[in-house]
Amino acid sequence: MRVLGVDPGLTRCGVGVVEGVAGRPLTMIGVGVVRTPADAELGHRLVAIERGIEEWLDEHRPEFVAVERVFAQHNVRTVMGTAQASAVAMLCASRRGIPVALHTPSEVKAAVTGSGRADKAQVGAMVTRLLRLDAPPRPADAADALALAICHIWRAPAQNRLQQAVAAHRTLKGRTA
């Protein structure tokens with residue numbers, strides 16, 4: 001399974017591609033950051049993020065895209081920018097028919113470090129260890145994108161089984177109604 005992880009942000013949008021299956025060693029295919037100038041017009045920034053993500057999709061051809069789920073913070077402006085960048089990533093993937101999964105920050109931290117309250121340094125250290133890298137990816141947005149991809153690879157099999165069970169239940173329920 002090849003997954004593009006996206007840590008959305010207007011100034012720095014982390015992107016990372018990981019390949020593998022749950023229970024086996026994972027491989028980092030690529031990691032980086034799509035950057036936009038903070039003083040640029042919002043529309044231009046969103047177009048730049050779209051172009052960057054499209055380039056990653058073209059180059060790496062992921063089977064899934066995992067995006068960090070936006071959560072409420074005290075800074076509404078930061079939340080809005082993150083949500084807008086997140087929507088661009090989801091749009092790019094959906095336009096190509098690539099399934100998109102959303103994972104909360106605490107879900108990703110728990111999957112990668114064992115604690116939903118881990119800090120950025122702990123996430124970076126575990127990403128480095130899990131992908132057998134020489135050093136943590138920089139900036140932290142890049143490491144977070146890889147963590148999202150790892151989380152999805154590890155959690156997708158269980159999520160797929162749950163979705164299949166719900167679908168089977170609905171089908172069965174529809175026959176008896």
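The legends below describe close-up views of a predicted model.

**View 1. The pairing of β1 with β2, and the salt bridge between Arg2 and Glu19.** Strand β1 (residues 2–7) and strand β2 (residues 12–19) run antiparallel and are joined by 6 bridges. Within this pairing, Leu4 has Val17 of β2 as its bridge partner. A salt bridge is also formed between Glu19 and Arg2, whose closest N and O atoms are 2.9 Å apart. Because Glu19 lies in strand β2 and Arg2 in strand β1, the pair ties together parts that are 17 residues apart in sequence. Glu19 is partly exposed, with a relative accessible area of 31%, whereas Arg2 is buried, with a relative accessible area of 19%.

View 2. Side chains of opposite charge can pair when their charged atoms come close. Glu54 forms a salt bridge with Arg96, and the closest N and O atoms of the two are 2.4 Å apart. This pair links distant parts of the chain, since Glu54 belongs to helix α1 while Arg96 sits in the loop between α2 (76–95) and β5, 42 residues apart. A search of the whole structure finds 8 salt bridges.

**View 3. The salt bridge between Arg155 and Glu107.** Arg155 forms a salt bridge with Glu107, with the closest N and O atoms 3.6 Å apart. Here too the pair links distant parts of the chain, with Arg155 in helix α5 (residues 140–176) and Glu107 in helix α3 (residues 105–113), 48 residues apart. Arg155 is partly exposed, with a relative accessible area of 29%, while Glu107 is buried, with a relative accessible area of 16%.

**View 4. Helix α4, its two sides and its ends.** In helix α4, which covers residues 120–130, the residues Val123, Gly124, Val127 and Thr128 are buried. Seen down the axis of α4, these buried residues fall within an arc of 135°, so they line one face of the helix. Ala121 and Arg129, by contrast, are exposed on the other side of α4. At the start of α4, a side-chain oxygen of Asp119 reaches to within 3.2 Å of the backbone nitrogen of Ala121. Following α4 is Arg132, whose phi is positive, near 55°.

Terms used:
Residues are numbered from 1 along each chain as its sequence is written. This is a predicted model: local features need pLDDT of at least 70, side-chain atom pairs count only at pLDDT 80 or more; totals for chains, interfaces and linings use all residues. Side-chain values use heavy atoms; hydrogens and water are left out. Buried means under 20% relative accessible area, exposed over 50%, partly exposed in between (1.4 Å probe, protein chains only). Helices (H or I, at least four residues) and strands (E, at least two) are DSSP runs, numbered from the N terminus. The arc is that of the directions from the helix axis to the C-beta atoms. A polar contact is a pair of N or O atoms within 3.5 Å; within protein, one must be able to donate a hydrogen and the other to accept it, and residues adjacent in sequence count only if both atoms are side-chain atoms. Two strands pair if DSSP finds at least two bridges between them. A salt bridge is a side-chain nitrogen of Lys or Arg within 4 Å of a carboxyl oxygen of Asp or Glu.
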